[in-house]
Amino acid sequence: MRPEPGNPLETEGVLNPATAWGSDGELYLYPRLVSAGNVSRVGRARIVLDDSGVPVDVERLSPVLEADRGWEHGTNHGGVEDPRITHIPQIGTHVMTYVAFGPTGPRPALAVSSDGERWTRLGPILFAYEDTLDTDLNLFPNKDVLFFPEVVPGPDGVPSIAMLHRPMWDFSFVRPEEAPPLPAGTTDDRASVWISYVPLAEVERDIRALTRPAGHRFVAGSEFEWEALKIGAGPAPLRVPEGWLVLYHGVTGTVVGGAFVPQDNVHYVAGALLLDAEDPSRVLNRTAEPLLVPETAEETSGTVANVVFPTAIEKIGERHFVFYGMADSMIGVAELRRTAP
């Protein structure tokens, strides 16, 4: 998917999409559409498949989410960005996470839908305070939030709905001179993957409980050279025989002027984590080398050059396809294949 010529909603790019199957049996793409001034909204498009089942094109439909709430935009910036959608059968709904770039910077938020067309906001995520962390996660920007598609055991064994997220120990948007209070035991201030939980029973009583996760735990941080700057989770975890497969992005390069301004010297690649099915906070294995790197012209040149940013996985027939942002400008698709050990 490329920006449509003459479409003011796509002046500065289409990127980082979610996906979901509709009740009509069609597969839909939910791209981040960027208009002039770096203002984003969440679009919707039907994915066109060729005769072999490969995604090859899109048919645009009306956007499903605009930055029309005061907490989703500032005076000269804003938007609803980088959606991820997980269908959770146990609660019978699609859950969309997105980044609301509001007056104090990026905050994660949720919306839900039964059909993928009409979405209801649940509001910003409010992380439960846990005194043992010695900090409040709500103080910090947070991105790359996504839900598991199945109920998993919580920290106390209670059936729970789990989310991955990426707190950013960074006050540069609002208090650039302030030193962030890191969680107890944390010495690395690079953005990393965390997990939090909501008991299933609470969600069944009130869907808004999804916005109040607790049981926060560190999952994984930067370990290899190709992810030296930071990492963040991508699509919703994929259940495989060995556990949960999580595609994630790893970043290298140099950040100039803070994490919330466009960068020219960063390099995004994609790798994978394997999480324990019975304790998804535990990493069983991870790729020592990236699985996907910027190679094509669309990936190496654009709004932010040298970026591949996976955000959705879908099974079409017997094949898995990964949808990803290309240089913050376009959307590509790659096939995810399993090879024999």
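Predicted model: local features only at pLDDT ≥ 70, side-chain atom pairs only at ≥ 80, totals over all residues.
1. Residues are numbered from 1 along each chain as its sequence is written, and side-chain values use heavy atoms, without hydrogens and water.

2. The protein chain contains 2 helices and 21 strands (DSSP runs, H or I of at least four residues for helices and E of at least two for strands, numbered from the N terminus).

3. The radius of gyration, taken over C-alpha atoms, is compared with a globule rule of 2.2 Å times the number of residues to the power 0.38. For 341 residues a compact globule would have a value near 20 Å, so the 19 Å of the protein chain agrees.

4. Of the 341 residues, 53% are buried (under 20% relative accessible area, with a 1.4 Å probe and protein chains only).

5. A nonpolar core is a set of buried Ala, Val, Leu, Ile, Met, Phe, Trp, Tyr and Cys residues joined through side-chain atoms within 4.5 Å. The largest has 23 residues, and those touching the most other members include Ile91, Leu110 and Phe147. Among the elements supplying at least two residues each are strand S7 (105-113) and helix H1 (200-205). A second, separate core of 19 residues includes Leu164 and Trp244.

6. Beyond its neighbours within four places in sequence, Leu110 contacts residues including Val95, Leu122, Phe147 and Leu210.

Note on methods:
Buried < 20%, exposed > 50% of the residue type's maximum accessible area, 1.4 Å probe, protein only. Contact = heavy atoms within 4.5 Å.
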